[in-house]
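Subject: Structure handover and what was found in it

Dear colleague,

I am passing on the structure we talked about, together with an account of what was found in it. Please have the sequence and the model open beside this message as you read.

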Amino acid sequence: ALVEEEMRELGLAWIIAARSGNNEISEEAKPAEANASAAEAAEAALEKDFVPEQDIDLAELAFEQGGHLMTNEKWVPPKGAVKAMMDGYEEIRVPAPERLAPPGDDEPAVPISSIPLWAQAAFKGTTTLNRIQSRVYATAFESDENMLICAPTGAGKTNCAALTMLRTIGQFRDAGGHIDVDAFKMVYIAPMKALVSEMARSFAQRLEPLGLKVAELTGDSQLTKQQITETQLIVTTPEKWDVVTRKGSEGSYTDLVRLVIVDEIHLLHDGRGPVLESVVCREMRRAEDTRQVVRIVGLSATLPNYEDVAAFLRVRRDSGLFYFDARYRPCPLQLEFVGVSEKKAVRRAERMDQVCYEKVRRHAAVSQVLVFVQSRKDTVRTGQKLRDMAVAAGETGVFVKAGSSSSEVLREEAEATKDRGLKELLPFGIACHHAGMARVDRQMVEELFEAGHVKALVSTATLAWGVNLPAHAVIIKGTQVYRPEEGRWGELSPQDVLQMLGRAGRPQYDTEGEGVIITTHSELRYYLSLLSQQLPIESQLVSRLPDALNAEVAAGAVRSRADAVAWLGRTYLY
């Protein structure tokens, strides 16, 4: 009876009459036309409020090239650059930048002894901070503001990150020296699993004297709730932290995060940039909602539009933004760019092999060379090509001198290995290295190269990311890499190129390193712009905008159009 009464009040009495078999429905039982027209008018008004002013085709706005987007209209040759046209290829040589003058009295180095005693344990074996670390020390260790540090590979950005960690740790340390380990968490976001492992090991050693635990969190290494509770520093990838912060159930520990360090933040330009952008926006929103201080620190290679990235991270330009150009690299880098103009694939591959051999021979005569190729099969193939060309030219002595101690060592190791490719190459002072090889063989190759017995090592990018094995010269042979997720060939990511060239130059032995990129002529301008800091990085979020926004809606962070506008206002795209 109560239900029927409610239905009559809602103007649905005709349904009751129809169910009771009464086909002669009274006038009052019929839905009032006036009510219907009023409802229609209200619905029309509501629709009008939500009629978009403009339809936007996001697919049309997205950059088709993704991370390979060429954003530099005209490349300006650095001072001293030399261009030469050869048979079948063009070569551009860019000299190493001038070395910086030694720091003056106005730029004193910060001695480790001036840091509080409890924090000195994190810098074991170091007596003073270097030039870059000394410059950022006041902001990193004595304030809580967001930071962006742009500096070349090997300039010491990891120590800058350690200073910001110690600042956060110090806030939870009482006068008696006890650290409240359950009150805070810190997150270090690195782009690759190999780098995550390396950083986790490094920071675990540094923070162990303070009684803090470090754990890596990737798709391969999960953590139980107990492990997460006991961990103070989580080293993870953007994708994994994106998943963690999306889940409401994880809020208990993500709300304890007080410091987020994003390494290689120039990945914003890459295909993985939208994930990184979403993660940073989510941390900013959490800081606003909880009114807690969540410090965000970005570490990056040198880039031309660093002020745009600083604005995205809400960094104060006068105190939190630090930009150091290529002159601050510990071992300045001389670069050679080779653009092969052959159109046919077979001819192009032959020309690349020929150019690669000439460069390897020139450098191997005085020092060691790392040659990076883009597939496992190509490591052995390129090694065999180098050997065959050396034999044909009678120049095997460049790689290993007959009767020398290295020759004996290499012959013995070649007999011991089970890898057929290595067995053929080692006696000639050439070796190959990739993730598909047995661990024993990989370690043996690394040891031989480190000891100076192997003059030329042909490897995939895994060596650049996983093992710190520098050489005087680095050659990147070919920049095309197969992308299985897209089912097509694409160009190397800027991140890979910078990481590979980061292995050029050994500060303890060399005054400068040498890097060579052998690519197709059409890609020459892109790599010239990338490596002379003339390639602005742009947001790739448009290509993933619906996914990113839906994730925020599902997480409950965006509940209205105003929320969506506020979220978009925090992005790098904005």
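Which residues does Ile169 touch, if those up to four places away in sequence are not counted? In this model, which is a predicted one, Ile169 touches Trp118, Ile179, Phe184, Met186, Leu207, Leu210 and Leu212. Ile169 belongs to the largest nonpolar core, which has 94 residues, and together with Tyr188 and Phe337 it touches the most other members of that core. The element that gives the most to this core is helix H6 (residues 157-170), with seven residues. Apart from it there is a second, separate core of 41 residues, which includes Ala215, Trp241, Val262 and Cys281. As a general background, nonpolar side chains in soluble globular proteins tend to be buried together.

For an overall view, the protein contains 22 helices and 17 strands, and 50% of its 574 residues are buried. Its accessible surface comes to about 28600 Å², and 51% of that surface belongs to carbon and sulfur atoms. Of the contacts between residues at least 6 apart in sequence, 74% join residues that are at least 24 apart.

Phe172 and Phe184 are 12 residues apart, and each of them lies in the loop between H6 and strand S4 (185-189). Both Phe172 and Phe184 are buried. In another pair, Tyr188 and Phe203, the ring centres are 5.4 Å apart and the planes stand at 55°, so this pair is tilted. Because Tyr188 lies in strand S4 and Phe203 in helix H7 (residues 193-207), the pair ties together parts that are 15 residues apart in sequence. Tyr188 and Phe203 are both buried as well.

Seven strands form an open sheet, in the order S5-S6-S4-S7-S8-S3-S9, and their pairing is parallel. Strand S5 (214-217) and strand S9 (321-323) are the edge strands, each of which pairs on one side only, and the twist from one strand to the next averages 15°. Within the sheet, S4 and strand S7 (residues 257-262) run parallel and are joined by five bridges, and Met186 has Leu259 of S7 as its bridge partner. Helix H6 packs on this sheet, where it touches strand S3 (147-150), S4, strand S6 (233-236), S7 and strand S8 (295-300), and the direction of H6 makes about 175° with that of S7. Helix H9 (residues 238-246) packs on the sheet too, touching S4, S5, S6 and S7, with its direction at about 120° to that of S6.

Further along the chain, strand S13 (residues 456-459) deserves a careful look. Ala456 and Val458 point one way from S13, while Leu457 and Ser459 point the other way, and all of these are buried. Strand S11 (residues 369-372) pairs with S13 in the parallel sense over four bridges, and Val369 stands opposite Ala456. Strand S12 (residues 430-433) likewise pairs with S13 in the parallel sense over four bridges, with Val458 as the bridge partner of Cys432 in S13.

Two single residues remain to be mentioned. Ala194 lies in helix H7 and is partly exposed, with a relative accessible area of 33%. Although Ala194 and Trp465 are 271 residues apart along the chain, their C-alpha atoms are separated by 6.2 Å. Is Asn305, in the second case, buried or exposed? With 11% relative accessibility, Asn305 counts as buried, because the cut-off for that is under 20%. Asn305 lies in the loop between S8 and helix H12 (306-312), and, leaving aside its neighbours within four places in sequence, it is in contact with Pro536, Ile537 and Tyr572.

With best regards

Key
Residues are numbered from 1 along each chain as its sequence is written. This is a predicted model: local features need pLDDT of at least 70, side-chain atom pairs count only at pLDDT 80 or more; totals for chains, interfaces and linings use all residues. Side-chain values use heavy atoms; hydrogens and water are left out. A nonpolar core is a set of buried Ala, Val, Leu, Ile, Met, Phe, Trp, Tyr and Cys residues joined through side-chain atoms within 4.5 Å. Buried means under 20% relative accessible area, exposed over 50%, partly exposed in between (1.4 Å probe, protein chains only). Helices (H or I, at least four residues) and strands (E, at least two) are DSSP runs, numbered from the N terminus. Contact means heavy atoms within 4.5 Å. Rings of Phe, Tyr and Trp (its six-membered ring) pair if their centres lie within 6.5 Å; planes under 30 degrees apart count as stacked, over 60 as edge-to-face and the rest as tilted. Two strands pair if DSSP finds at least two bridges between them. Axes are lines fitted to C-alpha atoms, for helices over the stretch in contact, and angles run from 0 to 180 degrees between N-to-C directions. Accessible areas come from the Shrake-Rupley method with a 1.4 Å probe; for residues, only the protein chains shown count as cover.
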